[in-house]
Structures are given as C-alpha cells and as structure tokens.
Amino acid sequence: MIIIVPWLWVNGMTIWPFVLVRRPNPSARLLNHERIHLRQQLELGLLPFYIWYFAEYGYYRLRGLRHYDAYRAIRFEREAFANDENLDYLKSRPFWGFLSK
C-alpha cells in the first residue's frame with residue numbers, strides 16, 4: 001500500500017506493509033526499490049530487519065563514513081540500488097538475496 005507523505009524527508013521509505021512516498025506518482029524505479037525492501041522485511045521480520053539495518057549503519061558511521069555513504073553501504077540498500085532498475089528482479093530474486101550484495 002502506497003501512502004503519500006508530503007513532509008517525508010526522503011523520496012521513499014518502506015515500513016512493512018506500507019511504502020511511504022513524498023510525491024504523488026512515484027517512478028517505477030523508486031517503487032521497485034521500496035518493494036525490494038518490502039521483500040527483505042518479509043523475509044527477516046520487521047524487528048530483525050531494523051536491528052540489522054541500523055546496526056550496519058552505525059557500524060559504517062563508526063568506521064568514519066559520512067551519512068550518505070554509510071546508508072549506501074548497508075547491504076539492504078546495496079541490493080535495492082543494484083536492482084531497482086530491473087523491474088523483473090523480484091520475480092527471480094533469491095531468498096535472502098541481500099546476503100549476496
């Protein structure tokens with residue numbers, strides 16, 4: 001379910017089962033990126049997903065990466081960014097596909 005949140009500080013965000021977007025009519029690429037996150041959250045469960053997500057972010061920040069670089073280094077984001085242009089990715093995505101990124 002897509003929810004438009006005009007005050008959102010990013011273009012899109014996924015909190016299962018919702019995809020929050022800042023603007024109406026988000027691009028297919030953005031929606032695909034967020035749907036990859038939906039699949040990741042389904043596979044791990046919400047709490048383990050967010051613990052892992054923020055632990056990785058914190059790890060990369062402690063290693064000296066700036067905010068955006070730490071965000072892009074998170075394995076869930078690596079998988080989503082690497083495949084967000086492939087609109088068929090979720091059809092063939094392996095279980096726990098984020099582990100290979």
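A: One term comes before the charges are placed. Lys and Arg count as positive here and Asp and Glu as negative, while His and the chain ends are not counted. With that count, the protein chain has 14 positive and 9 negative charges, and their mean positions are 3 Å apart. This is a predicted model.

Now the whole chain. The protein chain holds five helices and three strands. Read from the N terminus, the order is β-β-β-α-α-α-α-α. The radius of gyration is 13 Å, close to the 13 Å that the globule rule gives for 101 residues, so the chain is as compact as a globular protein of that length. Its C-alpha trace spans about 35 × 35 × 25 Å along the principal axes.

Next, cover and surface. Of the 101 residues in the protein chain, 37% are buried. The chain exposes about 6400 Å². Carbon and sulfur atoms supply 62% of that area. Contacts also reach along the sequence: among those between residues at least 6 apart, 41% join residues at least 24 apart.

Is arginine 93 buried or exposed? Its relative accessibility is 8%. Buried means under 20%. Arginine 93 therefore counts as buried.

What does arginine 93 touch? Neighbours within four places in sequence are left aside here. Beyond them, arginine 93 is in contact with Arg39, Gln40, Glu43, Glu79 and Phe98. One of these partners, Glu79, also takes part in a polar contact. There the side chain of arginine 93 meets the side chain of glutamate 79 at 2.5 Å.

For contrast, turn to methionine 1. This residue lies in the segment before strand 1, which covers 2-4. The C-alpha atoms of methionine 1 and leucine 20 are separated by 8.5 Å. Along the chain, those two residues are 19 residues apart.

Note on methods. Residues are numbered from 1 along each chain as its sequence is written. This is a predicted model: local features need pLDDT of at least 70, side-chain atom pairs count only at pLDDT 80 or more; totals for chains, interfaces and linings use all residues. Side-chain values use heavy atoms; hydrogens and water are left out. Buried means under 20% relative accessible area, exposed over 50%, partly exposed in between (1.4 Å probe, protein chains only). A polar contact is a pair of N or O atoms within 3.5 Å; within protein, one must be able to donate a hydrogen and the other to accept it, and residues adjacent in sequence count only if both atoms are side-chain atoms. Contact means heavy atoms within 4.5 Å. Helices (H or I, at least four residues) and strands (E, at least two) are DSSP runs, numbered from the N terminus. The radius of gyration is taken over C-alpha atoms; the globule rule is 2.2 Å times the number of residues to the power 0.38. Accessible areas come from the Shrake-Rupley method with a 1.4 Å probe; for residues, only the protein chains shown count as cover. The place of a charge is taken as NZ of Lys, CZ of Arg, CG of Asp or CD of Glu.
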